[in-house]
Amino acid sequence: GDTRVMDFVTEVQDGDSEICMMGLSNGPRVTMKKSTFDKNHCAICVHASGGIALETAEHPGAVAIGVSSMTDSGCGGFSADAVERFCARWGVNLQDACSPEGIYFWFSFCTGDETRVEKAFQILHTVIAYPCFEEKALSRAKRDVRIAHAERLRSLERSAQHHCYAEICTPSDPRMVDLTPEQVESLDQATVTRAVMRQLCPSNLEVIIVGDFDHDSIKRNVLLYIGTIPRITPPGGPSAAVAALREGRFKLSLTQENRRVTTSVLEDSSRASIVWTFPTFNRWGVCSALRLWEPPGADDWKSAGRERNGAMFWSRCLCVASEMANVRLVNHVRERMGLVYGINLVWLPFEVYDCGLMQLEYSPDPEGLDVAQQEVRNVFTGILSEGFTQEELSRAVGPLVAGVRESVETNGFWQEILCHLQTSLTPKSTHCLHDVPSGYLSLSLSDINHVVRRAWPLWDEARIECVGVTNNKHQLQQCPAA
């Protein structure tokens, strides 16, 4: 490997949160938080900003397929089986993922033995600096897409979700849609390698280290194995993700229309599944789809909750609001009216894309489909016109904060929340991370209703609704949205 001696060019210690932030001279930013949640255990997340967002319309799936084939090809000239045996021998658990906004590699290991610590950093260095992309692994990744595509065609819920997301963006932007065999068939080894390696350059890497470790030992290994990942871009040049942000690559090409589409799946039973999606704020209060949208901070809303939560104000308000909306939907549409078997509202809080998405999925009885749709719309109309009540807030905050208090005692929580802390892609700061549960408790009913009124006005005018059925008797023809 590379034996050049690198150095830390920056090092900042945040005393309140016990977070240490460092920058290496070859590009990566390293964030460390010592914890004792899991004794003698450490977890490292290597995050490359971009992910599927940096795929192009000419080569959809290049990054996702590339990451899948990369991890199935081994690294450093060693086969995938040899890498797996090495990890098993030294107790290193290696996982990977490609998300809409990033590529992730996770390494977890025991810290009681210094040799195991060093072996974990050795495999990290080899995976990132010397990846392999084999033709056979690429073929297997394409086969997995064919299998997933066939399974989706047989699943009512997945088919409805696919058709919904196929309409939320224009045909020129396929990044929100499941891959098809036809899209990935033309991908070759050179294309996927180029797509992945563009993001794995050191200047585009964040390394998050959380666990029960010796600070000096970890710093020594960081320098030796992360500080020697060969630089790809010139010193001082923008990372791949920052350059893509300037080029507008993190902007979704939304249709911004109210559309209703249908799909059907052959089943013996008669069922229905309805999926909504509409644009809303991302994690930082950004939604360029809103005609009257103002940048976060441009409005004159002031409150103790906003001051306490800083840049995470919008995110935490929408987390609470989504929970309250779910409770209202369940209580009214399922429990009181008995119109659906299940109903669930989730927020997709992208961090770099120029908006977030709300997704509602519910399963009505086909015989009462029209009534269920109307009652769901009535709930949203009531939320936007009248807001939530103090009673709803009190009932929602308790369980949510209890869940947060449990989560903050895990390494996984801190690995996730520390991502993007040292990039210019987001406004995240350590101020947002101090005593997270109290941040939620500081939010008032006025805060929640203010954010909902600003974040959800497109629920009707830009909503995509897909109605999926399994019985030809209830199959609907494509028609204007009700």
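This is a predicted model: local features need pLDDT of at least 70, side-chain atom pairs count only at pLDDT 80 or more; totals for chains, interfaces and linings use all residues.
Let's start with the helices. Two packed helices are described by the angle between their axes and the distance between the axes. Take α1, which covers residues 62-71, and α4, which covers residues 135-154: they pack at an angle of about 125 degrees, and their axes are 8 Å apart. Roughly perpendicular stops at 115 degrees and roughly antiparallel begins over 145, so α1 and α4 count as oblique to each other. The crossing of α1 past α4 is right-handed. If you want to find the contact on screen, look for Ile65, Ser68 and Ser69 on the α1 side, which meet Ala137, Leu138, Ala141 and Val145 on the α4 side. Sorted by class, this contact has five nonpolar residues, two polar ones and no charged ones.

One partner is α16, residues 445-455; the angle is about 90 degrees and the axes are 9 Å apart. An angle from 65 to 115 degrees counts as roughly perpendicular, so that is the label for α11 and α16. From α11, the contact draws on Phe313, Trp314, Cys317, Leu318, Val320, Ala321 and Met324, while α16 brings Asp447, Ile448, His450, Val451, Val452, Arg454 and Ala455. That works out by class as eleven nonpolar residues, one polar and two charged.

The other partner of α11 is α13, residues 390-407, with an angle of about 115 degrees and axes 9 Å apart. That makes α11 roughly perpendicular to α13 as well. Here α11 passes α13 in a right-handed crossing. On the α11 side you'll find Cys319, Val320, Glu323, Met324 and Arg328, and on the α13 side Glu392, Leu393, Ala396, Val397 and Leu400. This contact has seven nonpolar and three charged residues, with no polar ones. Notice that Val320 and Met324 are listed in the contact with α16 and also in the contact with α13.

Now for a strand. Phe278 sits in β9, residues 272-280. Its relative accessibility is 1%, so Phe278 counts as buried. What does Phe278 touch, leaving aside residues up to four places away in sequence? The list runs through Ile168, Gly356, Leu357, Met358, Phe380, Trp456, Leu458, Trp459, Ala462 and Arg463.

What about the cysteines? The structure holds zero disulfides. Cys87, for one, is in no disulfide, and the nearest cysteine sulfur, in Cys75, is 7.9 Å away. Cys87 is buried, because its relative accessibility is 6%. Cys169 has its closest cysteine sulfur in Cys355, at 7.4 Å, which is too far for a bond. Cys169 is buried too, with a relative accessible area of 3%.

Asn40 is not a glycine, but its phi is positive, at about 55 degrees. Asn40 is in the loop between β3 (29-34) and β4 (41-49), and at 40% relative accessibility it counts as partly exposed. Gln256, also a residue other than glycine, has a positive phi near 55 degrees. Gln256 lies in the loop between α9 (240-246) and β8 (259-264), and its 44% relative accessibility makes Gln256 partly exposed.

Terms used: Residues are numbered from 1 along each chain as its sequence is written. Side-chain values use heavy atoms; hydrogens and water are left out. Axes are lines fitted to C-alpha atoms, for helices over the stretch in contact, and angles run from 0 to 180 degrees between N-to-C directions. Helices (H or I, at least four residues) and strands (E, at least two) are DSSP runs, numbered from the N terminus. Angles under 35 degrees count as roughly parallel, over 145 as roughly antiparallel, 65 to 115 as roughly perpendicular and the rest as oblique. A crossing is left-handed if the near helix is turned anticlockwise from the far one by less than a right angle, and right-handed if clockwise. Contact means heavy atoms within 4.5 Å. Ala, Val, Leu, Ile, Met, Phe, Trp, Tyr, Cys and Pro count as nonpolar, Asp, Glu, Lys and Arg as charged, and the others, Gly among them, as polar. A disulfide is a pair of cysteine sulfur atoms within 2.5 Å. Buried means under 20% relative accessible area, exposed over 50%, partly exposed in between (1.4 Å probe, protein chains only).
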